[in-house]
Amino acid sequence: MNAVLPANPEPHLERTRLLWTLAALAAMTLPHALHLAPWIVLTAALIALWRLGVVYFGWPLFSRYTRIAFGVLAFVGVYATYHTFNGPQAGTALLILLAGLKLMEARGLRDYFLLLVITLIIGITNFFYDQTIPLAIYMVPAVWLAGTALLNIAHPDTGQSPLTSAKTSARLLLSALPVALVLFLLFPRIPGPLWSLTLPQHSAVTGLSTSMSPGSLSRLAQSDAIAFRVKFLNAAPPRAQRYWRALVLHDYDGQTWTPGNIMWDGSDTLSARGAPVNYQITLQPNHLRVLYALDLPAQGPANTRLTADYELLTPHPVTELRLYSASSYTDYRYGLDIPAWELRRDMRLPSGIDPRARQLAQSWRASAAAPGQIVEDALHMFHQQPFRYTLQPGVLSGPNRIDEFLFVTRSGFCEHYASAFVFLMRAAGIPAHVVIGYQGGTRNPVDGYYTVRQEDAHAWTEVWLAGQGWVRVDPTAAVDPARVDQGLAAALPGEAIPGYFFNAHPWVGQLRNAWDALNNGWNQWILAYGPELQSRLFAGLGMTYGNWLQLVLVLLVAIGAILMLVWLVLWWRHRAPRPSGVQRDYLRFCRKLANCGLTRSASEGPLDYAQRVSHVRPDLAVSVRSISALYMNLRYADSGDARAFARLVHAFRP
Amino acid sequence: MFASTRNFLNQRIYDWARRRQGQDGDRVRLDHRRIYILPTRQGWLYGMALLFMLLASMNYSNSMGFMLVFVLAGLDFTAMYACHANLAGLEITAGKHPAVFAGETARFILHLDNPGRSTRSAISLSAARGDATVTGDIVAGGHGSVAVPLHAEHRGWLSLGRLVVETDYPFALFNSWSWVYMELRVLVYPQPADDAPPLPQPEGGHGGGERATRGDEDFSNLRSYRPGDSPRHIAWKASAQTQRLLTKQFAGGGEEQRWLDWNQVAERDPEKRLSILCRWVLTAHAENLNYGLRLPGKTIAIAGGATHRDHCLEELALFQLPGALAL
């Protein structure tokens, strides 16, 4: 392979290609330095520097064996770092090293073109880590640079200055934007992945998990990262009703609550009162197969399933920003006709643990007239006795965690209260389960969206009462009503929760609101653009969405229209200039002669033509000669009277 | 086998284009009817990379990924149009092509005019039969001349054949080209033989090769300058007096009847004979001799000068070739 390489065709062309390629490669690789293992970007940078040394200081090129060794080491290194070749991180690392490998031997148009294509792919992988506004802004000049590099790689010999070629590529990129925009809006978006998703391993994903154990939600409360944003299409329900349902947890093993096996998935009739609440949610990736919905969702978006527990499930984990609409009822009843054997699932407890809690529950059961009374007793206990709502509840250990919490520490976060409450209810023979999700959300005055953050993560419970079905009970509200009515900051005035700083300094809070609103707009209109928004766009255009043929037709027509436009612009730029008045008159003179059989051939100059005509028609010789001479003067010497010329042509009668 | 199928298909395409376009005159304007465009090898690679990036964006439902892919796809579209527009409207005019000797490279002179309002970059011209390409830029409203090279193998008329005007500007993603069928031809003289025998002896009354060498000294009279006369023989003093260029004529050269005769060449192969005659013509001209040329069925009277030389060479070039009388 290396033996047949042409001996450096033209060194200055190669240098131009190398420099531009390196510039584009550096611009596209730089953001990866933030999340890839340092040795990867460093290795590529060292190879690039060496290549510059080859060009400028005559350092030796890499031998074939060096390249092979490097290739093998690159694979080994990536595998040692990521333990896989699959997924964006290992993939990006391999791409960057591959670019380095190609850089070692790049020579000629084909090699550098391939390098630039690899550069573009490295560029797009940036977006698999980060789709925020700053990165998007960064990518604009980066793409411009790549376009200019492409131009210089293809034609390093046009002698254009870098500025001229940058202008040319800018012009081409700008005319590419309408096509890009139409494709973005109309290209059919299909929901869900095409093949298995392997996601970047985010070092610290904060968000709900599918189970709940002591500490899991209080840890979330430390984060003010945004979980999702809500836009209510009609009036927003009050804060105390804004329970965002995620998952129902049925099984308890003494420490952790889990959803358990879903045994019954029958239909349930939701009897609702009042008008439904319609809203749109922009969900940040939660890496779960769950969409959040206001308690209690009646209808979810397409391609989702509403379980018998009123969880909104999607077939694939939410790994990108997702926009969806749903409607819910805040005044509802459900689970009235649930079979008795199904209820038994929500009455099971692990045997042998927490004897004191069981004892307490039994005593309530003995004294209560109705199950509702037992619920009241439990809430009363939380309210009256010195239970504390805190982010630092201390560690529970040992087999009897519920006992320890109820009778010893008596301080906990929402998961402790929900867990203990469901335990007590089950021990008293009342079906109960834990619901996890979010509670609250703050309205951003800038754009009117409600922002729900990770710190709003919450756990509450539902108990089943005959004649009422499943009833939501939030034991945390009994301990500290402010949590539900006013939010975490109000409930925990002394503790260092993330929003504290913003509440203490209102102007910083306003800045944050503005930035949030900007990000929200970005999320709403660009990142979350998918089947949902696309169908809305089509509806706005008066078309039904979902007919593939129609989608493709609309796309083709739009592209065709734009291409037509581009063609017109180019045609306009390249059109021949209009003939001047003198030229038009001369052409008329030629037409008059052509009418009597003396057509001027395309290659015939005016003087040759005049000579030929004079030869064939001596009677015309004088006027033809004077007209031609005058024309030559007017056109090439810029002297003479154009009006006199026009009169002569007009009077000419062959 | 694939190569032959491909050649066959290519030939069909060329024939189709030729029938479709017809014969061109001396001046051609490249309009959209005669401009063809296809992706280059790089263009296909770029397209495949875009497809890969599109699939990745679909898989991850990545909006910014979509956006980048679509911007790059838009760039591909505009590159296609820019590449086409880079040729469209270009005007090509045939120039005068100097004659060459067989074995040399003929140069077909073409004048290009860019009537448009932007520079046309990296326009390449080549003969479809040749393997060399000339490339250059033409600024808006400007014009330029190029010499399209083509190897001249045999004597006679060398036709350029199909002229290919092409460009892959701006990104080398697309190649747009136009086929021009102008009647362009260069006269190819026979290749002068390197091992030619010395010039034949003069036949005239004086005879003797030595007279030829003495001729220079035997100045007899003056005549008007003819193009091709050696500057050494110009009578500068007399020219200054008469205000027109005069050439000295010498007794020796002027009267020698030196015939370059087909039958005098001791060689059987006609092409070889022509080669030797060609060398003789050149030598005789270089020595400023007067000479005539005798070919079977054709005689050129004794004369001197460049025009005479060219006339002789032309006869040699076209000797017994079909269509030799054209032009």
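Good morning, colleagues. Please bear in mind that what you see is a predicted model.

I begin with chain A. Here, 5 strands form an open sheet with antiparallel pairing, and their order is 8-2-16-19-20. Strand 8 (293-294) and strand 20 (469-473) of chain A stand at the edges; each has a single partner strand, so one side of each lacks a neighbour in the sheet. Helix 13 of chain A, residues 414-427, packs on this sheet and touches strands 16, 19 and 20 of chain A. The direction of helix 13 makes about 15 degrees with that of strand 19 (457-465) of chain A. Within the sheet, strand 2 (residues 243-249) and strand 16 (residues 432-439) of chain A run antiparallel and are joined by 6 bridges. Val248(A), for example, has Val435(A) in strand 16 of chain A as its bridge partner.

I turn now to chain B. Its domain assignment gives domain 1, residues 10-189, and domain 2, residues 209-318. To the contact between them, domain 1 of chain B brings 5 residues and domain 2 of chain B brings 7 residues. On the domain 1 side, the largest share, 3 residues, comes from strand 12 (residues 185-189) of chain B.

Finally, the contact between the chains takes 49 residues from chain B and 51 residues from chain A. Which element of chain B gives the most to the side that touches chain A? That is helix 3 of chain B, with 19 residues. By class, this side of chain B divides into 30 nonpolar, 14 polar and 5 charged residues.

Thank you for your attention.

Key:
Residues numbered from 1 in each chain as written. Chains lettered and ligands numbered in written order. Predicted model: local features only at pLDDT ≥ 70, side-chain atom pairs only at ≥ 80, totals over all residues. Pairing = 2+ DSSP bridges. Helix = DSSP H or I, 4+ residues; strand = E, 2+ residues; numbered from the N terminus. Contact = placed C-beta atoms within 7 Å. Axes fitted to C-alpha atoms, helices over the stretch in contact; angles between N-to-C directions. Domains from an automatic or database assignment. Nonpolar A, V, L, I, M, F, W, Y, C, P; charged D, E, K, R; others polar.
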